[in-house]
Amino acid sequence: MYEISFSDKMLIIKGKEGRIGVVADLHLGLEYELSEKGVKVVFQHRKLSRSILRLVEENSVDQLILLGDVKHTVLGFRHAEMRMVYETLQALGKRVKVTIVPGNHDGGIEEALPEGVELVSPRGKMVRDSLGNSISLVHGHAWPSSKLLQSEVLIIAHSHPTIELRDITGYRVIEPVWIKADCNRERLAESYLRYKGYKVSEEPVKTFKEIYGFEPKIKYIIIVPAYNPLLGGIRINRKDMGPEELIGVFLLNKVLNLPTAEIYLVDGTFLGELKYLLEIS
Ligand SMILES: [Mn+2]
């Protein structure tokens, strides 16, 4: 058992020292890219921080972890975007302790940190729930540090998972979802060793243990939906999903067992295992 629950697009961990809320993929400043494409939307950052703070309040969250891609521009900043990120972090930081685990879009974010906001390594962070279980968190575009593989639960973001549902009249909705998938530890060990430049043996878990002193323990992986509703993402129930859509090191290396992955709407509704949701019509 783990002390983990979902509240809208926030994951809640009942931690040893208070409750931890996790949200991901805010992509602040996305409005600029949309406007270059001809879609003019008013700035969304205040609305986003207000709704995050509402969830913080409702769930009595003491620490907020932003699991990567706080900002949208991949490298550096537009001037106005930096202001936007600073103001958002300031608004959040006034009410709750904020920790950022950076993603691939967060280059230069250290320039926009208000006092008190913590920035940790992009290689991830480990927390403990009130039962003493360790839980690892990393954005998911790149591998975490090896010690994070000692937890049984890994929480990632980055792929912005959604599901498409279609009714009999052809009406379609695309909804962001939570994914909870079993982890294939053989594949995890194998791809991690390959990434580190080791020769991969017949028994990757054993080799991993020889090198790192422990077996990778991840039992399941949770993918957090993107917080920003204007973002695109992968549609997880496409039968013809190509490798270009399996983004991030865990999906690309098939570390998640997708057919049996449990899919939840953001209100917590369990939709079923992914294999039963492929191309629903
Ligand atoms: Mn990302």
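Analyst: Buried means under 20% relative accessible area, exposed means over 50%, and partly exposed lies in between (1.4 Å probe, protein chains only). The model is predicted: local features need pLDDT of at least 70, side-chain atom pairs count only at pLDDT 80 or more, and totals for chains, interfaces and linings use all residues. Residues are numbered from 1 along each chain as its sequence is written, and side-chain values use heavy atoms, with hydrogens and water left out.

User: Does valine 200 count as buried, partly exposed or exposed?

Analyst: Valine 200 sits in the loop between helix H4 (185-195) and helix H5 (204-212); helices (H or I, at least four residues) and strands (E, at least two) are DSSP runs, numbered from the N terminus. Because its relative accessibility is 30%, valine 200 counts as partly exposed.

User: Which residues is valine 200 in contact with, leaving aside its neighbours within four places in sequence?

Analyst: Contact means heavy atoms within 4.5 Å. With those neighbours set aside, the contacts of valine 200 are Glu190, Leu193 and Arg194.

User: How far apart in space are valine 200 and serine 145, C-alpha to C-alpha?

Analyst: In sequence, valine 200 and serine 145 are separated by 55 residues. From C-alpha to C-alpha, their separation in space is 19 Å.

User: Does aspartate 267 count as buried or exposed?

Analyst: Aspartate 267 belongs to the loop between strand E13 (256-265) and strand E14 (270-273). Since its relative accessibility is 60%, aspartate 267 counts as exposed.

User: What is the phi of serine 60?

Analyst: Serine 60 is located in the loop between helix H2 (45-58) and strand E4 (63-66). Although serine 60 is not a glycine, its phi is positive, at about 45 degrees.
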